Amino acid sequence: MVASTHNSRHEAGQTEVALAVVGGSAAPPGRFEFMGGLFTNREGGGFFCAGTLIAPRIFMTAAHCVVNETTGEPKGATTFWPKVHIGAYNRTQNVGIDVRAIAVTRPHPDFGYADKDIDCKFFNDIAIMLLDRPSTKPHVQLPPFIQKPQLPAATGTPLTALGWGDTRPGTFSPSEPLQQLDLALRPLRVCQQVFPKVPGYRSPENTLICAGNAPGYAANICKGDSGGPLLLLGNGTGTAGSTPDVQLGISSFTHDASVCLGEPAGFTNLAQLGPWIAETIEELVTGRWVGRVYGDANVQTFSGQTYVQTGSAGQQLNIVSSSAYMLSGWLKQQPNGNLALGAAQFQRGRSTVAVGVVNGVLLVRLNGATVAAGRTVAIDGGSLKLAPMQAGKERVVTIKQSAALSIVFVQPFSAAAGAYAPRLDVSVRYRRMPDYQVSGLLGSTFPHQLKEPPA
């Protein structure tokens with residue numbers, strides 16, 4: 001975090017670190033024990049980002065801390081599955097903290113990296129992580145769901161950012177003691193005017209909010225603060241009747257990381273992403289494993305990595321398979337020129353289920369016979385259900401295989417276009433990690449070595 005050297009509260013003899021805090025003081029020790037630092041998981045691994053504990057086994061940070069913000073590719077294993085120091089005050093000391101390894105990392109599947117869509121860069125800048133074992137530290141509270149353009153608090157509300165970021169911009173000189181910075185929530189129109197780096201911010205439906213200490217924006221978050229919280233502070237007493245700290249945002253970006261001053265900073269809007277956060281936490285803590293192939297050919301693996309599937313129209317994909325069953329998909333060129341899943345097939349024993357989109361219509365067949373909407377039929381190993389059709393609602397097909405495995409096919413509906421998409425989204429869900437060999441595009445991505453991920 002940085003502040004202008006013209007801060008009226010600056011006193012002679014203060015260090016660069018002290019200059020990083022509006023008001024002239026670092027965060028009080030022991031006040032924010034839900035804070036954690038991310039360190040690469042090699043011997044003597046270095047600090048690279050911040051984050052927060054939001055449940056005993058769940059840690060939250062920014063997606064760009066673990067995913068390349070230009071290409072969307074996961075960063076190296078030592079960063080994608082880092083170590084976390086929870087409850088840290090001085091990031092260089094290991095006293096009184098919980099050190100945990102990351103077992104699973106789930107970046108948001110629609111994280112806006114530059115090569116995907118420069119206008120939407122930093123959208124959905126969030127990643128949820130499963131710790132190898134619970135932390136003993138308290139966790140921070142998250143806000144209730146609020147959809148943009150409504151903001152999670154009134155504009156001008158005093159907020160506090162925390163982190164160990166740069167005190168001298170452009171040098172990566174992270175602070176040793178935890179820093180806190182006084183900011184205020186800014187109106188959408190201000191954010192839209194000052195972020196040419198993120199043109200999509202002009203859309204009120206984006207997943208960002210901005211905060212800064214106007215006028216002049218003489219202090220700001222900086223490199224190294226990424227992943228840290230933007231807080232609506234409670235009274236911090238922990239006694240009856242006290243109010244908790246509520247995390248409204250995740251530190252995401254400033255316009256110019258070499259300066260970090262002169263404008264508000266961008267934060268991930270947690271109120272808007274509440275449903276995805278809750279769903280992801282449930283998947284991780286209940287032991288469920290979910291992999292997805294989205295209709296735009298984005299793949300989310302069981303280990304939490306995401307990438308874009310490349311290929312050619314008509315190409316067959318082995319999505320997931322075992323000695324008992326196989327789920328395949330076929331790529332289809334979309335009207336916009338992109339590749340997507342246009343059809344899929346599940347085979348087990350004597351049952352073959354084909355799901356496809358033809359001329360905008362979702363068709364489901366079992367052994368060549370059409371399945372009517374609203375019906376549930378038996379198949380080898382389980383059941384097949386085509387949900388009743390509802391105008392303006394996505395169309396859903398579900399295959400269940402005993403209690404352990406389910407496969408969900410969705411034909412999305414676009415309210416903006418007023419039409420159904422000519423593609424499928426496919427989710428593969430295991431209630432527990434299979435104890436048999438699984439292969440394929442998704443099946444091969446189970447992180448069987450959780451504590452020691454591959455280098």
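How many bridges join S3 to S4, and do they run parallel or antiparallel? There are 3 bridges between S3 and S4, and the two strands run antiparallel. Here two strands pair if DSSP finds at least two bridges between them. This is a predicted model, in which local features need pLDDT of at least 70 and side-chain atom pairs count only at pLDDT 80 or more, while totals for chains, interfaces and linings use all residues. Residues are numbered from 1 along each chain as its sequence is written, and side-chain values use heavy atoms, with hydrogens and water left out.

The chain as a whole comes first. It contains 5 helices and 30 strands; helices (H or I, at least four residues) and strands (E, at least two) are DSSP runs, numbered from the N terminus. Of the 455 residues in the chain, 54% are buried. Buried means under 20% relative accessible area, exposed means over 50%, and partly exposed lies in between (1.4 Å probe, protein chains only). A contact means heavy atoms within 4.5 Å. Among contacts between residues at least 6 apart in sequence, 62% join residues at least 24 apart.

Strand S3 can now be placed among its partners. It is mostly covered, with 9 of its 9 residues buried. On one side of the pairing list is strand S2 (residues 35-39), which pairs with S3 in the antiparallel sense over 5 bridges. Within that pairing, Leu38 has Cys49 of S3 as its bridge partner. S3 is also joined to S4 by a hairpin through 2 residues, and there Thr52 has Met60 of S4 as its bridge partner.

H4 covers residues 274-285, and its 12 residues should span 16 Å at 1.5 Å a residue; the end C-alpha atoms are 16 Å apart, which agrees. The expected span is 1.5 Å times one less than the number of residues. Which residues of H4 are buried? They are Trp276, Ile277, Thr280, Ile281, Glu283 and Leu284. Seen down the axis of H4, the buried residues fall within an arc of 160°, so they line one face of the helix. The arc is that of the directions from the helix axis to the C-beta atoms. The buried residues of H4 pack against several strands, among them S3 (47-55), S4 (58-61) and S6 (98-107). After H4 comes Gly287, whose phi is positive, near 80°.

Aromatic rings link other parts of the chain. Rings of Phe, Tyr and Trp (its six-membered ring) pair if their centres lie within 6.5 Å; planes under 30 degrees apart count as stacked, over 60 as edge-to-face and the rest as tilted. The structure holds 12 aromatic pairs. In one of them, Phe302 and Phe446 are stacked, 4.2 Å centre to centre with 5° between the planes. Phe302 lies in the loop between strand S16 (298-300) and strand S17 (306-308) and Phe446 in the segment after helix H5 (440-443), so the pair ties together parts that are 144 residues apart in sequence. Phe302 is buried at a relative accessible area of 0%, and Phe446 is buried at 6%. A further pair, Tyr325 and Tyr436, is edge-to-face, 6.4 Å centre to centre with 85° between the planes. Tyr325 counts as buried at 6% relative accessibility, whereas Tyr436 counts as partly exposed at 37%. Ring pairs also link Trp289, Phe302, Tyr430 and Phe446 into a cluster.

Some details of the backbone remain. Most residues other than glycine have a negative phi, and most peptide bonds are trans. Phe122, in the loop between S6 and S7, is not a glycine but has a positive phi of about 75°. In the loop between S10 and S11 lies Tyr217, which has a positive phi of about 50° and is buried at 12%. Pro215 is found in the loop between strand S10 (208-212) and strand S11 (219-220), and the peptide bond from Ala214 to Pro215 is cis, with omega near 0°. Another cis peptide bond joins Lys148 and Pro149, with omega about 10°.
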